[in-house]
Amino acid sequence: MEKREQAFSVPEHARDVNSKEIFKNPRLCSQFLQDNMDIPQLKWVQPEDIEDVTERYQAYFGVEFETDTVKKIRLKDENGKPVAVPLYMISLIEHKSSVDHDIMMQLLRYMVCIWHEYAKEMEREKKGISQRKNFQYPPILPIVYYEGSGKWTASRYLKDRIQLSDVFGKYVPDFCYEVVQIHHCSTDELLDRGNEMSLVMLLNKLQNPEDFRKFRQSPPKKLEEALKKTDPYIRGLLENIMYSLMMKMNIPVDEANEYVKAIGGNQMGYLFENMEKIDIQEERRKTAEERKRREEAKRRADEEEKRANEEKKRADEEKIRADIAEKQLAVVENTRRELEFKVYIASCKEFQCTKQDTTERLIHKFGERLSEAQTEAAEIVNRYWDEI
C-alpha cells in the first residue's frame, strides 16, 4: 500500500454509529429512500428535498430519543415538478439485536403528533381550515431501520397489538410500517447500488465471521468507486463504523488504524490485501476462551464470597443468640439477688432492727456481692424498706 501524507486521528473509544447519525445526512437519507422504498414519488427525491424536523417532535414528548428521526420531504413527480402534498418520514431503531414488539405504539404516537402539529400549522395560515370537508392530513411513512442479524418478528399491523381486534376491528385505527432489514440485502445488491448509503449498510452487515468472509469477496473497485463520492461527514461515519467493527473483533489498535486509514484515503482495496492476515475465527475463539476463563474465575470468586457471607451470617446469628442468653441470665440473676435482699430486709424488720442496723447487717452478710458496700447497701435498704 502506498504511503499517504494525510492527517488522521481515530477516536479514543470505539463507538457504534446509530441510525440517527446516518439519517441526519440528507444525501444518505435520499439514497436510502430511492433504493429501499417501492414508492414512485420517492425515486426522484434529492438531498435538498429533505428537511430534518426531529427536534420539533421530540420537544412535544418532552424527551430526546437518541435514534429517532422525523423528516419532512418535498415530493416531486417524474418530471421533477414539486407535488403540493408533503411527506413525513419517521425512522426508528438503533443497533438492536432483539426485536421491539411495541415499536408500533411509538410510531403511532409520532404519527398523531405530526398530524396534530400539521393542523396547527395550517390553522395559523388560515383559521378554521382543518374543520373543512376537503381538508386532508399529509401522508406519513413509518420505517424501522433494523440492523440486527436476527429476523424481525414483530407484527407490522396495529390491530395485532389490540385485544379482540377481530370483534372490534372497525373501531381500531390500523396502519402498517415498513421494515428495512439490512441482513436481507445481499452484498451484490448493495454493491450494485454504488452509493454511500450502500457502503454504510454493507459495513453494518458485518456482525459475524461469515458476514466478514462474504465482504472480503466483494470487488474492491466497486467499493472504491462508491467511496470516491463521499463527503467528509459520510467518510467520518464510515471510518467510525469500520473502527467499531475492528474493536469488536479484537483487532489490535495499530492494525485497526490502518484499515480505517484505507477508508480515509479512498483505498478500500488495501483492506482486501491485508485482511487475509486476520484470523477472525481464531480471534473469536481466543476471546471466547478468555471470556470463559473470566466467567469461571468470577463464578469461583462468587461462590467463595457466598460461603464467606454464609459463615459470617452463622457467626453473627450465634453471637446474637449468645448475647440474648447472656442478657436473659443476667436478668434472672439480678431478680434472684434482689429477692434475696428483700427477704433479708423483711427478716431484719421483723426483729425490730432500725434502718441503720439493717444496712450494717446487709454489708456484713452480702459485702462481697456489693461493689460499693456502704452506698449500695443503703440504697437497697431505702428501696425496699417501705415496701415490706
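Q: Which exposed residues sit on the face of H8 turned away from its buried side?
A: They are Lys221 and Lys228, where exposed means over 50% relative accessible area, buried under 20% and partly exposed in between, with a 1.4 Å probe and protein chains only. Please keep in mind that this is a predicted model, in which local features need pLDDT of at least 70 and side-chain atom pairs count only at pLDDT 80 or more, while totals for chains, interfaces and linings use all residues. Residues are numbered from 1 along each chain as its sequence is written, and side-chain values use heavy atoms, with hydrogens and water left out.

Q: And which residues of H8 are buried?
A: In H8, which covers residues 220–228, the buried ones are Leu223, Ala226 and Leu227. Their directions, taken from the helix axis to the C-beta atoms, fall within an arc of 100 degrees, so these buried residues line one face of H8. Helices here are DSSP runs of H or I with at least four residues, and strands are runs of E with at least two, numbered from the N terminus.

Q: Switching topic, at what angle do H2 and H6 cross?
A: The axes of H2 (residues 26–36) and H6 (residues 196–204) cross at roughly 80 degrees and come within 8 Å; each axis is a line fitted to C-alpha atoms over the stretch in contact, and angles run from 0 to 180 degrees between N-to-C directions. That makes H2 roughly perpendicular to H6, a label used for 65 to 115 degrees, whereas under 35 counts as roughly parallel, over 145 as roughly antiparallel and the rest as oblique.

Q: Which residues meet there?
A: From H2, Arg27, Leu28, Gln31, Phe32 and Asn36 meet Glu196, Met197, Val200 and Met201 of H6, with contact meaning heavy atoms within 4.5 Å. The residues of this contact divide into five nonpolar, two polar and two charged; Ala, Val, Leu, Ile, Met, Phe, Trp, Tyr, Cys and Pro count as nonpolar, Asp, Glu, Lys and Arg as charged, and the others, Gly among them, as polar.

Q: How many salt bridges does the structure hold?
A: It holds 23, a salt bridge being a side-chain nitrogen of Lys or Arg within 4 Å of a carboxyl oxygen of Asp or Glu.

Q: What does Arg337 pair with?
A: Arg337 forms a salt bridge with Glu376, and their closest N and O atoms are 2.7 Å apart. Arg337 lies in H12 and Glu376 in H14 (residues 373–385), so the pair ties together parts that are 39 residues apart in sequence. Both Arg337 and Glu376 are buried.

Q: Which residues are joined into one network?
A: Glu296, Arg299, Arg300 and Glu303 are joined by salt bridges that share partners.

Q: Last topic: what is phi of Leu164, and where does Leu164 lie?
A: Phi of Leu164 is near 55 degrees, a positive value in a residue other than glycine, and Leu164 lies in the loop between strand S4 (140–146) and strand S5 (178–181). Most residues other than glycine have a negative phi. Gln352, in the loop between H12 (280–350) and H13 (355–366), also has a positive phi, of about 65 degrees.
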